Amino acid sequence: MNVDDRSAWPDAPGAGPLGDGRYAAAVHRPTTVAELCEVVKAEAAAGGAVYPQGGRTGLDFGLPPARPGAAVDLTALADVVDYPHADMTITVRAGMTVAALQAILDEHNQRLLFEVPRADRATVGGALATGVCGPRRLGLGRPRDSIIGVSFVTAAGVEVKGGGRVVKNVAGYDFPKLLTGSLGSLGIITQATLKVRPRPAASALIWLTADRPEPLDARVAAFNTSSVRPTAIEILDPSASQALGGPVGLKGGSWTLIVGVEDDADSVAWQVDRFRREAGVDFDVLRDEASAPLWSALAAFQADDAPLACTASLRPSRIAAFLAGLRPGRWASQAHAGNGVVRMRGLGEWTEGEAAEAVDAARAAAVRDGGNLVVARCPTAWKPRLRVWGEPRGDWALGRKIKAALDPNGLMNPGRFAGEG
Amino acid sequence: MTATAAPTTIPLVRELAALLGEDGVLHRRDELVVYECDGYVIEKAVPDVVVFPTSTEQVVEVVKLCNQHDVPFVPRGAGTSLAGGTLPIGGGVMISLTRMKRIVEINARDRYAIVEAGVVNVWLTRALAGTGVHFAPDPSSQTACTIGGNVATNAGGPHTLKYGVTINHVRGVELVTPEGEVVQIGGVVEDQPGFDLTGLLVGSEGTFGIVTKVIVGLCRDPEAGRTLLAVFPTVEDSVEAVSGIVAAGIVPAALEMIDNLMIRAVEAAFHFGFPVEAGAVLIIEVDGVDAALDHEAQAISEIVQAHGGTIDKAIGWRTREEPEYKAIWKARKMAFGAIGRVSPTFCTQDGVVPRTALPHILRFMEGVSERTNIRIANVFHAGDGNLHPIILFDEQDPDQVKRALQASHEILDECIRLGGSVTGEHGIGVEKLAMMPKLFTPDDLAAMTAVHDALNPDNRCSPAKKIPVGGHCIERTSPGRRAPA
């Protein structure tokens, strides 16, 4: 395979978007892994770069593409490789959409353990590359906790695997975890094996409001002694509460604690009742099918098209103080309160200066607590000033060594990931 | 045999003693021989020096000295590795972390603890009693093994079926790199931007540096549990029941199998009350919210009975501190210690198969036992498909040793053929390096080697472990007494 000149960025629309206002010089849609390997070798020989793409739901995530190159569309690699459902594992190709994967699991009343917004478009490979997850991470873990095997095509144009198809395996280095969340910068994920679990029989979402965030924090802390075992604990600020509550018929607009429980019907009923007694207050409850739209909305909050969005990580005990410190009316915020993750969506118009000031202040608070703040979305021109990957970390130096070892010429998604900017 | 270290290492010993004090350094041959192997006894290698640093700063200085003198170094915790993970291939300096044993911080509210690498697994469990949270990994060696060692091997234990293995409960580590730099990887906060280096480090068997501190995540204790002892006429019946439980969509907290040979050994040693006539027993545990557990226990009982089993004991519990609960798990975890009554030498294997392939692999192992005329006992994590066949032999009989190794290899080859792995939790160590090319292609291994060489460029840190890397392969046969293969 020969490819054209890769020395200059093509004008819009090129062969399609790469994100951040850059366009691809070509788009390849391999139908086999062998073909994908040839594409990578050809682009490497031409001195270009390779930008893997799935459902294109996260093209603007990270720093701008650094060098002209080709998009590689993985959506033709979308089949199930193996689904031994009684083993509770599934192996699929990376280009399968998350919704298609879930539909296959539905046949055996099983489910994926991490939540992916825009699942009808987002692919398994893309979800793993970005490490996306939602409120159920408290009870079910992150993608890194689900993945047990991975195959990926390296910059050398060969397919490499790590892990395997069994749930316990310590042979070789843990490439499944190294690749998860690496944003395609180490290689193109072609296949993954994931742990899956039975779908619980019953579900409930408790919706409890307060005038201030602090009392909600006390309720979160009380879960360390409570008899309730939630799958999710969320805090919404009044703006987020308004946005999520209204569509499901709940009164939003206040500080809101959401507690999700999933188990068999007796357990869920008992836990809701128990929480009522422990909390000593009344609240709204959405049960079973009626809870599904709110579960989905909580997972999808991060995928809104707001021009400015951030994700802060900090200790769970600092969540309420962090939320209280944000300027009212400028953010709609959702916290995965049991995990210390805050998803912030900018409200209204922002200038770069205002955004930089707000991001710096919020980031400083997170960093003081041992965490960080990543800018999930902002205009491309603001990215350098807003430092989208947050405060640089000491361990990025090791990450750069790994990147140099697996991708010495910077072929794979160059420029985009943490530590590269 | 001399009573002092080899002449080439004398200047290094002097410098190490100046750094750590005389009581922080062992270098006499008679002192070193204790460290010639760990729980894997088939290969042996004596280190030139063993050091006992008490701080990260001291580890850094030791590593720098090793680099200056160009000698290999290897970390060691309690030495419970069953795969030779702490074997000092090529000699050099063994860095024992057992004096770094402080629990630095426990934060139940934010569900983490920071411990030094030498903290014994069960010490943290005890320190957390009454806080409402616990550290989930609970290997059978938990009364001895260190959390640093758990990190090195990505250790498991019976309760990993529901709660996951060590990596699912580690948020970060403090690493002394092979060059002697201190790097904080991950942190107390769950999400950190950048590669998941914690995910890569855990299970890397010391090949990326020396872990000096570990930030572990803590799980909320279950509200209640049920632990059932199910008795079966045959091993086949028991593993059919395991497959049935998993296929029914039940996710027990633990699901362990003990066969007749092991039941007898455990009974002789501990008199727990296991039925010695049983072909096999299963310990089946479900936990969570009490309201759900009777249904689950009932469903399990029905599956057990459908496979010819009976429920011999059913313990309902609120905490894992209840005496009856502790007794049953003590019997399970001490099983390896009881095997000495049955055989002079044994080798514990560690293979993994898809859970639904358990009946097949058990039948296969019976065939291996008959063909090689070697007894094989079984006590393992059935719910994970993680086998621990215990190969019984007499190490004084070369022919038995040969047949024991043949039995091991046949079982592991079958695990690979079934889509499984040659190690679920013990590690590759030195024992299984030769099996890596059976699991991975040359391209897979080249990528792993590239990552290894990027972080451990001189291969001085834990040489000849985890992945087959060139360079030290030639040296590895000289210091140890390899069993005939």
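Which elements cover the buried residues of α14(A)? Keep that in mind while you set up the view.

This is a predicted model: local features need pLDDT of at least 70, side-chain atom pairs count only at pLDDT 80 or more, and totals for chains, interfaces and linings use all residues. Residues are numbered from 1 along each chain as its sequence is written, chains are lettered from A and ligands numbered from 1 in the order in which they are written, and side-chain values use heavy atoms, with hydrogens and water left out.

**Stop 1: helix α14 of chain A**

Select residues 396-406 of chain A, which form α14. Helices (H or I, at least four residues) and strands (E, at least two) are DSSP runs, numbered from the N terminus. Show the side chains of A:Trp396, A:Leu398, A:Gly399, A:Ile402, A:Lys403 and A:Leu406, where there are any; these residues are buried. Buried means under 20% relative accessible area, exposed over 50%, and partly exposed in between (1.4 Å probe, protein chains only).

Now colour the cover. From chain A it includes α6 (175-179). From chain B it includes β8 (170-176), β9 (182-186), α7 (197-201) and α16 (442-455). Contact here means heavy atoms within 4.5 Å.

**Stop 2: chain A as a whole**

Switch to a cartoon of chain A. It has 14 helices and 20 strands. Its radius of gyration is 22 Å, close to the 22 Å that the globule rule gives for 421 residues, so chain A is as compact as a globular protein of that length. The radius is taken over C-alpha atoms, and the rule is 2.2 Å times the number of residues to the power 0.38. Along its principal axes the C-alpha trace spans about 70 × 55 × 35 Å.

Of the 421 residues in chain A, 59% are buried. Among contacts in chain A with a separation of 6 or more, 69% join residues 24 or more positions apart.

**Stop 3: the nonpolar cores**

Which residues have the most contacts inside the largest nonpolar core? Select A:Phe175, A:Ile235 and A:Phe275; the core has 132 residues. A nonpolar core is a set of buried Ala, Val, Leu, Ile, Met, Phe, Trp, Tyr and Cys residues joined through side-chain atoms within 4.5 Å. Centre on A:Phe275. Leaving aside neighbours within four places in sequence, A:Phe275 is in contact with residues including A:Ile206, A:Leu208, A:Phe223, A:Val228 and A:Phe283. Apart from this core lies another, of 51 residues, among them B:Leu87, B:Ile300, B:Cys347 and B:Val430.

**Stop 4: helix α4 of chain B**

Select residues 121-128 of chain B. B:Asn121, B:Val122, B:Leu124 and B:Leu128 are buried. They cover an arc of only 155 degrees around the axis, which puts them on the same side of α4(B). Their cover includes β5 (103-107), β6 (112-116), β7 (133-134), α5 (147-153) and β10 (210-217) of chain B. After α4(B) comes B:Gly130, with a positive phi near 90 degrees.

**Stop 5**

Pick B:Ala338 in helix α12 (residues 335-338). B:Ala338 counts as buried because its relative accessibility is 2%. Beyond four places in sequence, B:Ala338 is in contact with B:Ala265, B:Val266, B:Ala269 and B:Phe270.

Next, pick B:Lys64 in helix α3 (residues 56-69). B:Lys64 is partly exposed, at 35% relative accessibility. Not counting residues up to four places away in sequence, B:Lys64 touches B:Glu179 and B:Gly180.

**Stop 6: backbone exceptions**

Most residues other than glycine have a negative phi, and most peptide bonds are trans. Go to A:Ala12 and A:Pro13: a cis peptide bond joins them, with omega about 0 degrees. A:Pro13 is in the segment before β1 (17-19) of chain A.

Then select A:Arg56, in the loop between β4 (49-53) and β5 (69-73) of chain A. Its phi is positive, about 55 degrees. A:Arg56 is partly exposed, with a relative accessible area of 34%.

Finish at B:Asp70, in the loop between α3 and β3 (73-76) of chain B. Phi of B:Asp70 is positive, near 55 degrees. At 53% relative accessibility, B:Asp70 counts as exposed.

Methods: Arc of directions from axis to C-beta.
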